[in-house]
Amino acid sequence: MSIINKHLVLHNNIEQISLLADFIDCLAEEAGIDPSLAMSMNLALEEAVTNVVLYAYPEGTDGTVEIDAEADGSVVTFTITDKGVAFDPTQKEDADITLSVEERPIGGLGIFLVRQIMDSVTYERVADQNVLSMKKNL
């Protein structure tokens, strides 16, 4: 099987999140990924990218988020890169889903969801950029 690579650049505008669905659909079709798996990967990617769009850049600042995807037949790897404020979502504790909605603090569910869906999530700060890598075994 050949390696499939996709690249997408979004601005930090929440309206651009909808472009992720076509990006994943295209990757899934070319790589022969099951549609239900593609949907869950899309959810994880949306959560991670939404966090960048909403929080990485100071309000009123135009910034970008780059998404690279690689499918090699056994693993799909998504790499999300931005030049925003340093933030390592992998250091965030999992949300306590045993608490009621009223008791639960706001935030943390997105990264929890990403960890549930993906098989590996890693972060590094490289050359003043946030680099989040997420892998899903096929």
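## The hairpin of strands 4 and 5

Strand 4 and strand 5 form a hairpin with 2 residues between them; helices (H or I, at least four residues) and strands (E, at least two) are DSSP runs numbered from the N terminus. This is a predicted model, in which local features need pLDDT of at least 70 and side-chain atom pairs count only at pLDDT 80 or more, while totals for chains, interfaces and linings use all residues. Residues are numbered from 1 along each chain as its sequence is written, and side-chain values use heavy atoms, with hydrogens and water left out.

Strand 4 covers residues 120-126 and strand 5 covers residues 129-137; the two pair in the antiparallel sense over 7 bridges. Two strands count as paired if DSSP finds at least two bridges between them. Within this pairing, V126 stands opposite Q129 of strand 5, and E124 stands opposite V131 of strand 5.

A127 is found in the loop between strand 4 and strand 5, and D128 lies in the loop between these strands too. A127 has a positive phi of about 50° although it is not a glycine. D128 is likewise a residue other than glycine with a positive phi, near 60°. A127 counts as exposed because its relative accessibility is 67%, and D128 is exposed with a relative accessible area of 58%. Here buried means under 20% relative accessible area, exposed means over 50%, and partly exposed lies in between (1.4 Å probe, protein chains only).

## Helix 1

Helix 1 spans residues 19-31, 13 residues in total, and reaches 19 Å from its first C-alpha to its last, close to the 18 Å expected at 1.5 Å a residue. The expected span is 1.5 Å times one less than the number of residues. The buried residues of helix 1 are L20, F23, I24, L27, A28 and A31. They cover an arc of only 125° around the axis, so they sit on the same side of helix 1; the arc is that of the directions from the helix axis to the C-beta atoms. An α-helix has 3.6 residues a turn, so residues three or four places apart point the same way.

What covers the buried residues of helix 1 includes strand 1 (4-11), helix 2 (35-55), strand 2 (64-71) and strand 3 (75-82); contact means heavy atoms within 4.5 Å. The face turned away from the buried side carries the exposed residues D22 and E29. Helix 1 is followed by G32, whose phi is positive, near 70°.

N42 lies in helix 2 and counts as buried because its relative accessibility is 14%. Not counting residues up to four places away in sequence, N42 touches L20, A21 and I24.

A44 is found in helix 2 as well, and at 0% relative accessibility A44 counts as buried. Leaving aside neighbours within four places in sequence, A44 is in contact with V114, I117, M118 and M134. A44 and G110 are 66 residues apart in sequence and 7.8 Å apart in space, C-alpha to C-alpha.

## The nonpolar core

The largest nonpolar core has 36 residues, and those with the most contacts inside it are L45, V49, I67, F78, I80, M118 and M134. Such a core is a set of buried Ala, Val, Leu, Ile, Met, Phe, Trp, Tyr and Cys residues joined through side-chain atoms within 4.5 Å. Strand 1, helix 1, helix 2, strand 2, strand 3, helix 3 (109-117), strand 4 and strand 5 each supply at least two residues of this core. The largest share, 8 residues, comes from helix 2.

Which residues does F78 touch, not counting residues up to four places away in sequence? They are I24, L27, M41, L45, D68, A69, M118, L132, S133 and M134.
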